[in-house]
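Me: Got a structure I'd like to talk through with you. Can you put it up and start with the terms we'll need?

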Amino acid sequence: MTYDEWMQLAHRDPRIVGVVVTGSRGRDAHVHPGSDWDLRVVVQDGHEGFADSLDTPHGSEVEVAASTLTAFSDSPEWDRYSYAHVQVPVDKLDGAVARLVEAKGTLAETEARELARESLGAYTNSLYRSLRDDELGLELAARLDAGESVSALLTALFALERRVRPFNKYLRWELEAYPLRDWETDELLGLIGAALEGSAEPQRTLFREVEPRMRAHGHGDVIDDWEPHVEFLRNAP
């Protein structure tokens, strides 16, 4: 079935209550002639068998993942960015499907604050480990810990704005389409790219940019938990 045929089915069948277009086509990013259509189809509760029958294999021109409304409401954390900046062409529940999509693709205020603090702590931990690895000449370990530190940092930076961290494929697109308020996009991407090499000084340069911004958001105590090592994070001994 083509995308148009799926839309016709969705509008016609009363068991289908919503359709969400995710992926590249859903947010109109990195679309190319071979791009498939990723559809999340929402089915009324009590029709689990029907939902299972709608799924299509990976690699199909139209990849369908169908679920009941209850199951759709409880999707995993790792999948939340799938619902950021996407389209909801079918919503038979007076906007309820669109509201669920909005809730999945953004962070609640308390949730965002907790995630920002937790991720800032993870960033600082992995940064410290990477710097120590570098001192010992453990190049691979330094790069691995640098990668983990950057991953946690990105989660924290987006959480500051109640946003879900994008999948890596969409990071530049996200930052160009919806820039972080505290950062110039090319500057941030340049700092991150340099830090991922695992060398000490680029990582410290990034930290010196991150620290004042995090303190301005009220999270300085998370960094201060690393005393007496904070100066080591900022500058070489």
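Reply: Buried means under 20% relative accessible area, exposed means over 50%, and partly exposed is in between, with a 1.4 Å probe and protein chains only. On the ground rules: this is a predicted model, where local features need pLDDT of at least 70, side-chain atom pairs count only at pLDDT 80 or more, and totals for chains, interfaces and linings use all residues. Residues are numbered from 1 along each chain as its sequence is written, and side-chain values use heavy atoms, with hydrogens and water left out.

Me: OK, so S35: buried or exposed?

Reply: S35 is buried, because its relative accessible area is 12%. S35 sits in the loop between helix 2 (23-27) and strand 2 (37-43). Helices (H or I, at least four residues) and strands (E, at least two) are DSSP runs, numbered from the N terminus.

Me: What does the side chain of S35 reach?

Reply: The backbone nitrogen of H32, at 2.8 Å. Not counting residues up to four places away in sequence, S35 also touches R25 and H30; contact means heavy atoms within 4.5 Å.

Me: What's phi of H30?

Reply: Near 60 degrees, which is a positive value in a residue other than glycine. H30 is in the loop between helix 2 and strand 2, and H30 counts as partly exposed because its relative accessibility is 42%. R162 also has phi near 60 degrees. R162 is in the loop between helix 7 and helix 8 and is partly exposed at 41%.

Me: Where is the cis peptide bond?

Reply: From E227 to P228, with omega near 10 degrees. P228 lies in the loop between helix 11 and helix 12.

Me: Switching topic: which residues touch the most other members in the largest nonpolar core?

Reply: Y123, L157, M214 and L233, out of 43 residues in that core. Helix 7 (139-159) is one of the elements that give two or more residues to this core, and helix 7 gives the most, with eight residues. A nonpolar core here is a set of buried Ala, Val, Leu, Ile, Met, Phe, Trp, Tyr and Cys residues joined through side-chain atoms within 4.5 Å.

Me: And what is L157 in contact with?

Reply: Leaving aside neighbours within four places in sequence, L157 contacts L180, W183, L188 and M214. There is also a second, separate core of 18 residues, and M7, V43, A51 and L54 are among them.

Me: What about L153, where is that?

Reply: L153 is in helix 7, and L153 counts as buried because its relative accessibility is 0%. With neighbours within four places in sequence left aside, L153 contacts Y123, L206, V210 and M214. From L153 to D28 is 125 residues in sequence and 26 Å in space, C-alpha to C-alpha.

Me: Now zoom out. How many helices and strands does the chain have?

Reply: The protein chain has 12 helices and four strands. Its C-alpha atoms fill a box of roughly 70 × 35 × 30 Å, taken along the principal axes.

Me: What share of the residues count as buried?

Reply: 46% of the 237 residues. As for contacts with a separation of 6 or more, residues 24 or more positions apart account for 65% of them in the protein chain.

Technical notes: Polar contact = N/O pair within 3.5 Å; in protein donor to acceptor, adjacent residues only side chain to side chain.
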